[in-house]
Amino acid sequence: MVDRMPGWLEWLFSAPRMKPYLRATGGDPEAAMRLYRWNVEASEALYTPLHYVELAVRNALHGCLVLEHGRPDWWVAAPLDQGGLALVETARGKCRAKERERARKQGRQVRPVTVDDVVAELTFGFWATLLVSRYDRVFWVPTLHRAFPYYSGRRDKLSDDLRALVRLRNRVMHHEPIHEEDLDAEHARIYRVLAALSPDLAKMVRAGDRFRSVLDGKEDALE
């Protein structure tokens with residue numbers, strides 16, 4: 001077990017950040033850095049399909065709820081619980097703050113926050129929560145099943161997939177270790193959700209997907 005990383009590595013990457021990689025490589029700093037680089041490459045390769053699945057899920061759910069409630073700000077009329085309403089208000093507050101800052105920098109008046117602003121600000125976790133069990137009768141059964149026209153399974157299975165993808169997305173976006181995850185299974189999960197939304201979308205995303213080559217090259221990258 002190596003007791004200490006090189007000074008530059010500890011200073012620039014921090015001991016806590018490198019700890020999982022050192023643990024996975026038996027304390028070898030050079031091997032830990034190779035694993036870290038592969039983790040970055042794997043995260044980069046997953047970013048693109050995660051980008052598409054997050055945007056597509058958001059817009060499909062939003063579109064269904066707009067149609068169901070007859071207004072673009074559907075959350076005003078929909079039976080969101082207090083937690084959901086709080087998330088909407090948080091998103092609206094962030095939108096206002098961002099607009100004030102943009103207006104200040106551009107020397108113009110502050111414009112009102114739009115529905116599109118709020119929809120874009122709401123997190124992937126918020127949208128995934130709309131498929132949990134407590135919303136089954138108020139969201140899934142009457143309308144949200146229509147967001148996934150090519151899915152015929154149970155709501156809870158799709159909900160589990162979405163929540164797992166939220167977790168993976170957050171780890172990728174916050175530069176956290178994913179090298180110990182079953183990334184092959186997570187990659188397949190992305191495409192299950194994409195195919196449930198649109199097989200054409202899944203085909204388009206897969207055409208530019210480089211994750212398989214990154215995963216297949218893991219052992220070579222760590223040598």
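Let's start with helix H8, which runs over residues 155-173: its 19 residues reach 27 Å from first C-alpha to last, close to the 27 Å expected at 1.5 Å a residue (that is, 1.5 Å times one less than the number of residues). Helices here are DSSP runs of H or I with at least four residues, numbered from the N terminus. Keep in mind that this is a predicted model, where local features need pLDDT of at least 70, side-chain atom pairs count only at pLDDT 80 or more, and totals for chains, interfaces and linings use all residues. Residues are numbered from 1 along each chain as its sequence is written, and side-chain values use heavy atoms, leaving out hydrogens and water.

Several H8 residues are buried, among them Leu158, Asp161, Leu165 and Val172 (buried means under 20% relative accessible area, with a 1.4 Å probe and protein chains only). Their cover includes helices H3 (29-69), H6 (124-129), H7 (136-140) and H9 (183-197).

After H8 comes His175, with a positive phi near 60°. Further on, the loop between H8 and H9 holds His179. That histidine, His179, is buried too, at 8% relative accessible area. Beyond its neighbours within four places in sequence, His179 is in contact with residues including Pro20, Trp38 and Lys218 (contact means heavy atoms within 4.5 Å).

Now look at H3 and H9, whose axes come within 10 Å and cross at roughly 20° (axes are lines fitted to C-alpha atoms over the stretch in contact, with angles from 0 to 180 degrees between N-to-C directions). So H3 is roughly parallel to H9, a label for angles under 35 degrees. Among the residues making this contact are Trp38 and Leu46 of H3, and His187 and Leu194 of H9.

Note on methods:
Helices (H or I, at least four residues) and strands (E, at least two) are DSSP runs, numbered from the N terminus. Buried means under 20% relative accessible area, exposed over 50%, partly exposed in between (1.4 Å probe, protein chains only). Angles under 35 degrees count as roughly parallel, over 145 as roughly antiparallel, 65 to 115 as roughly perpendicular and the rest as oblique.
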